[in-house]
Amino acid sequence: MESSKVSRRGFLKAAGTIAAALPFLRGTVPASAATTKAIGLASTHPVGRTKLYTSVSPSLFVTRTGTNSWVAFDNICTHAGAQMVLQGKQAFCRSHGATFNPATGKPTNNVARTALRSYPVSIRKGKIYVTV
């Protein structure tokens, strides 16, 4: 029986390729593992308003960006991994002071560099649904 040995160089090359791909794989969920959850009523969520929904897991920031447009983002800081709070019109991490725009998920200061994970939102029969 022949054994195949991997050289140190080959191993490091493969490890580097995997490490380079990890940021792109972050937050990907197989379609079969995704579930859609009702989180609230659309009528109680005015345009331009962000609400933090903690009754679902993961907890989510949901912003109504227009009459028929919505966005949802994870409530986990991409810098410190801590849950955040709404402070004014920003998502704020109490661990290290990172702030994010809850309508775009993008960091708004230099503490965090990675945007928040987003989730699809749909409205059906007046209810807000998020697929997580």
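This is a predicted model: local features need pLDDT of at least 70, side-chain atom pairs count only at pLDDT 80 or more; totals for chains, interfaces and linings use all residues.
Residues are numbered from 1 along each chain as its sequence is written, and side-chain values use heavy atoms, with hydrogens and water left out.

**View 1. The open sheet β1-β10-β9.** This sheet has 3 strands in the order β1-β10-β9, with antiparallel pairing. Strands, like helices, are DSSP runs numbered from the N terminus (E, at least two residues, for strands; H or I, at least four residues, for helices), and two strands pair if DSSP finds at least two bridges between them. β1 (36–41) and β9 (121–124) are the edge strands; each has a single partner strand, so one side of each is left without a neighbour in the sheet. Neighbouring strands here are turned by 30° against each other on average, direction ignored. The axes behind that angle are lines fitted to C-alpha atoms, for helices over the stretch in contact, and angles run from 0 to 180 degrees between N-to-C directions. Between β1 and β10 there are 5 bridges in the antiparallel sense, and G40 stands opposite I128 in β10.

View 2. β9 is joined by 4 bridges to β10 (residues 127–131), and the two run antiparallel. V121 has V130 in β10 as its bridge partner, and S122 has Y129 in β10. The hairpin has 2 residues between the strands, and K125 takes a positive phi near 50° in it. R124 lies over the face of Y129, at 4.0 Å from the ring centre; a charge sits over a ring if NZ of Lys or CZ of Arg is within 6 Å of the ring centre and within 35 degrees of the ring normal.

**View 3. Strand β3 and its two partners.** Of the 7 residues of β3 (residues 60–66), 6 are buried, so the strand is largely enclosed by the rest of the structure. Buried means under 20% relative accessible area, exposed over 50%, and partly exposed in between (1.4 Å probe, protein chains only). Strand β2 (residues 50–53) pairs with β3 in the antiparallel sense over 4 bridges, with Y53 opposite L60 in β3. A hairpin through 6 residues joins β2 to β3. To strand β4 (residues 69–74), β3 is joined by 6 bridges, again in an antiparallel run; R64 stands opposite W70 in β4. The hairpin of β3 and β4 has 2 residues between its strands.

**View 4. S59 in the loop between β2 and β3.** S59 is placed in the loop between β2 and β3. At 6% relative accessibility, S59 counts as buried. The side chain of S59 makes a polar contact of 2.9 Å with the side chain of N75. A polar contact is a pair of N or O atoms within 3.5 Å; within protein, one must be able to donate a hydrogen and the other to accept it, and residues adjacent in sequence count only if both atoms are side-chain atoms.

**View 5. The open sheet β5-β6-β7.** Here 3 strands form an open sheet in the order β5-β6-β7, and the pairing is antiparallel. β5 and β7 (99–100) stand at the edges with a single partner strand each, so one side of each is left without a neighbour in the sheet. Strand β6 (residues 90–93) and β7 are joined by 2 bridges, and the bridge partner of F92 in β7 is T99. Q87 is found in strand β5 (residues 84–87) and is partly exposed, with a relative accessible area of 47%. Q87 and T99 are 12 residues apart along the chain, and their C-alpha atoms are separated by 9.0 Å.

**View 6. The cysteines C77 and C93.** The structure holds 0 disulfides, a disulfide being a pair of cysteine sulfur atoms within 2.5 Å. The closest cysteine sulfur to that of C77 is in C93, at 3.8 Å, too far for a bond. C77 is buried, with a relative accessible area of 2%; C93, at 0% relative accessibility, also counts as buried.
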